[in-house]
Structure formats: structure tokens, C-alpha cells
Amino acid sequence: MSEIRRASIMCACASVAALCAAMVLATASSAVTVTTVASGLDNPRALAFNPEGDLYVAEAGHGSEPAGSFCPLPGHGGPPECIGLTSGVSKIEHGGTPQRVLTGKISIAGPDGSAATGIDGVSLHEWGPLFAVATGASDLIPSSATGPPGVLAEVKEQIGRLFEVDRWGHSRIVADVGHFDFNWSKEHKELVPEQFPDANPYAVLATPEGVWVIDAASNTLDLVRDGKVRVVEFFPSPPVSDAVPTCVSRGPDGALYVGELTGGGNKPGSSVVWRIEAGHEPEVWATGLTAVTGCGWDTDGEFYAVEFSTLGFESFTPETGALVRVLPHSASPVTVLSKLSFPGGFASRGDAVYLSNWSIAPASNGKGPTGQVLRITP
């Protein structure tokens with residue numbers, strides 16, 4: 001089980017009361033305008049725009065339906081994990097009501113529906129198809145797991161897969177990235193001996209040369225082309241635990257930029273941004289960040305990162321997340337927006353940037369899904 005999944009289950013289940021009591025909008029400085037574009041989303045993560053300005057939102061779901069009804073997986077020191085087919089992708093057309101365009105995909109969550117993983121990454125390149133990735137790997141589901149045969153079979157078929165989605169919401173499996181990365185990490189166990197083998201495909205970036213996939217557990221950048229997966233880069237561990245990369249974006253210079261969450265035990269400020277250019281060794285492009293879950297560029301060429309919690313991933317509470325601007329080769333990101341609650345994905349369009357908020361909220365709080373997409377005009 002990946003660090004991002006393990007820590008989120010342990011911390012989120014302990015924070016449910018605070019989650020339900022602190023549903024407030026982020027506080028911004030007077031120079032920043034914040035608008036709620038959408039609400040009622042089911043654990044929203046990555047964001048992506050198409051050329052027409054429609055916004056796609058990956059929703060990790062809430063595990064079983066109803067929440068807590070099918071929990072066959074061991075909880076690794078916490079409550080059992082519940083599985084279902086409640087994740088997918090929603091489309092927001094020009095600020096309208098979100099509409100699911102991809103449904104019935106794998107979701108693994110705590111008994112209350114919090115800290116879900118499912119469809120976490122989403123991307124499309126210009127007028128090309130939509131790509132979405134489901135976290136995890138079939139290798140992580142114990143053979144002893146039992147339950148509704150249809151659900152369990154679907155979960156095993158979908159977990160860790162990269163999907164291509166057409167305009168009508170029909171999907172096909174492009175590659176089993178999770179299984180590939182799990183086997184790769186087994187073959188390279190010496191890189192993170194205390195945690196490998198593991199796999200958790202988490203973010204995607206569709207490009208002309210193929211689909212890049214970030215795996216937050218094998219700590220790799222993969223390229224998927226013609227259905228084949230190839231590990232392009234491995235991200236070395238920080239002083240404590242592992243790197244846990246969570247986002248990838250192409251810069252104005254054509255290079256790829258990757259942000260890290262970092263594993264448990266790392267102090268605030270331990271996360272970095274990597275710059276990756278073909279034919280060159282990866283370089284640390286910026287330092288001093290904390291628990292990055294989303295990143296990308298705006299139309300002015302500024303780089304932003306979403307910090308899940310400025311206290312560090314293991315110490316998160318509501319209203320400790322932030323959106324920061326990251327300068328090249330800097331060690332101190334500039335806070336743009338603070339008091340966010342468990343923010344996730346990032347996207348930009350025009351003069352605004354967008355992020356998902358309340359990305360690990362419980363489903364059994366009496367209010368239904370509470371995830372948001374916020375529009376920020378710096």
C-alpha cells in the first residue's frame with residue numbers, strides 16, 4: 001500500500017469530526033478573488049480543461065455503496081478498507097452543474113467514505129481523447145478477499161489501469177500501469193527496501209509522444225505508448241521515507257515538472273519540484289515545499305503548487321492547505337491562498353487558476369459529497 005493511501009486513511013478517519021464541523025471557504029488575501037465553481041463533488045482530485053473551456057474533474061468516489069457496506073481489505077493498523085465502483089470523472093461546462101461522463105469505476109475508502117482513492121488522475125491533449133488513471137494495483141488485493149462477485153471482479157479488472165475515454169463516456173483500458181509498476185518495484189526493491197514492492201498510479205499527462213503517468217508508490221515517471229509502459233525516471237527518497245511524486249506538468253520550455261508529497265516522517269519544507277528534460281539528468285528545480293498534491297503552469301508562465309497541508313501530510317487538519325507560487329530555483333514558495341481544506345488537483349485557464357478542495361471528505365456525514373472546485377484569480 002502506498003504512503004499516500006496509508007497516511008490518508010489513518011489521518012482522515014481521525015479527523016472526520018473536524019471535517020464535518022469546519023466546512024468553510026478558504027480565506028484569501030485582498031488581492032485574490034476566490035469563486036466556488038462547483039460543489040457536492042465526491043472526493044475531487046485532478047482537473048483538466050479541454051480547448052472549449054469545459055473542466056473535467058477526477059472524483060475518487062467513496063468506496064462501497066452505501067459507504068461502509070463492503071469492507072474486505074485489511075486496514076494496515078486502522079479500520080478496514082471498503083471497495084466499490086463509485087469513482088469516475090465529471091464534466092463542468094462553462095461553469096454549469098457537474099455531470100458525470102465516466103462512472104462505475106473502482107474506489108477504495110475508509111468505512112465512512114473518506115480518504116478514497118479511485119480515478120485520481122485525468123488529462124487530455126488539445127482535441128484528443130480523455131485519459132484517466134485508477135490508483136492501486138491488482139497485486140495489492142489479497143487472494144482471500146471475498147464479497148459481491150461482480151464488484152470484486154470489476155475492482156480487480158480496473159485497479160491500476162489507464163483508461164481512454166471518448167466523448168460519449170465509453171472507456172477502454174489502455175494499459176495496466178499498476179501491475180507493471182508493482183513488478184518493477186519488486187525488481188528494484190533495494191531502492192526503497194522498507195516499502196517496495198508497491199504501486200499507486202496517481203497522475204497523468206497526455207502529450208503527443210504518449211501518456212505520462214506518475215506513480216506515487218513506485219516513485220516513478222512512466223511513459224505509456226501503444227499500450228506499453230516504460231519507466232523513464234525514478235525519484236530518489238528524501239531523508240525520511242520516500243519521494244511520493246503526485247503531479248506532472250509540461251513547462252513552457254518543453255520540460256516536465258514533477259511535484260512531491262514525500263512520505264511520512266518528513267518535516268514541512270521537505271518536498272521538491274523536479275525538472276526533467278530529455279537527454280539530461282533530472283534536476284531539483286525548487287525546494288522548500290510541503291505535501292504537494294497538484295501542480296502546473298498558468299498562461300503567464302508562472303508555476304503553482306497545491307500543498308495538501310503546510311503542517312505536513314501526517315499532521316493535516318482542515319484549513320491547513322495552501323496554493324503557492326513557485327519561483328525557479330527557489331527555496332521559499334510564495335503563498336497565494338491559505339486556509340484550504342485538503343486541496344488536490346490544479347489547472348489553469350485564461351487569467352485564473354483552479355484547484356479541487358475537500359478531496360478526502362467522508363460520505364457518511366449526513367450531507368453527502370462535499371468536494372469543491374475553486375477558481376482563483378491572483
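Biologist: Which residue in S4 is the bridge partner of Ala 58?
Modeller: Val 89 is the bridge partner of Ala 58 in S4. Keep in mind that this is a predicted model.

Biologist: How many bridges join S3 to S4?
Modeller: There are 5 bridges between strand S3, residues 55–59, and strand S4, residues 82–92. The two strands run antiparallel.

Biologist: What sheet do they sit in, and what is the strand order?
Modeller: An open sheet of 4 strands, in the order S2-S3-S4-S5, with antiparallel pairing. At its edges are strand S2 (44–49) and strand S5 (99–109), each of which pairs on one side only. On average, neighbouring strands are turned by 20° against each other, direction ignored.

Biologist: Which strands of that sheet does H3 touch?
Modeller: H3 packs on this sheet and touches S4 and S5. The direction of H3 makes about 60° with that of S4.

Biologist: And which other strands does H3 lie across?
Modeller: Helix H3, residues 149–158, lies across strand S7 (130–134), S8 and S9. Relative to S8, H3 runs at about 90°.

Biologist: What's the strand order in the sheet with S7, S8 and S9?
Modeller: The order is S6-S7-S8-S9, again 4 strands in an open sheet with antiparallel pairing. Strand S6 (119–124) and strand S9 (171–176) are the edge strands, and each pairs on one side only. The twist averages 25° from one strand to the next.

Biologist: How many bridges between S8 and S9?
Modeller: Strand S8, residues 161–165, pairs with S9 over 5 bridges in the antiparallel sense. As one example, Arg 161 has Asp 176 in S9 as its bridge partner.

Biologist: Where does H4 lie?
Modeller: Helix H4 (residues 177–187) lies across S8 and S9. H4 runs at about 10° to S9.

Biologist: Switching to the whole chain. How many helices and strands are there?
Modeller: The protein chain has 4 helices and 24 strands. Its C-alpha atoms fill a box of roughly 50 × 50 × 45 Å along the principal axes.

Biologist: What share of the residues is buried?
Modeller: 58% of the 378 residues count as buried. The protein chain exposes about 14,000 Å², and carbon and sulfur atoms supply 52% of that area.

Biologist: Last one, charges. How many positive and negative?
Modeller: The protein chain has 23 positive and 40 negative charges, and their mean positions are 3 Å apart.

Key: Residues are numbered from 1 along each chain as its sequence is written. This is a predicted model: local features need pLDDT of at least 70, side-chain atom pairs count only at pLDDT 80 or more; totals for chains, interfaces and linings use all residues. Side-chain values use heavy atoms; hydrogens and water are left out. Two strands pair if DSSP finds at least two bridges between them. Axes are lines fitted to C-alpha atoms, for helices over the stretch in contact, and angles run from 0 to 180 degrees between N-to-C directions. Contact means heavy atoms within 4.5 Å. Buried means under 20% relative accessible area, exposed over 50%, partly exposed in between (1.4 Å probe, protein chains only). Accessible areas come from the Shrake-Rupley method with a 1.4 Å probe; for residues, only the protein chains shown count as cover. Lys and Arg count as positive and Asp and Glu as negative; His and the chain ends are not counted. The place of a charge is taken as NZ of Lys, CZ of Arg, CG of Asp or CD of Glu.
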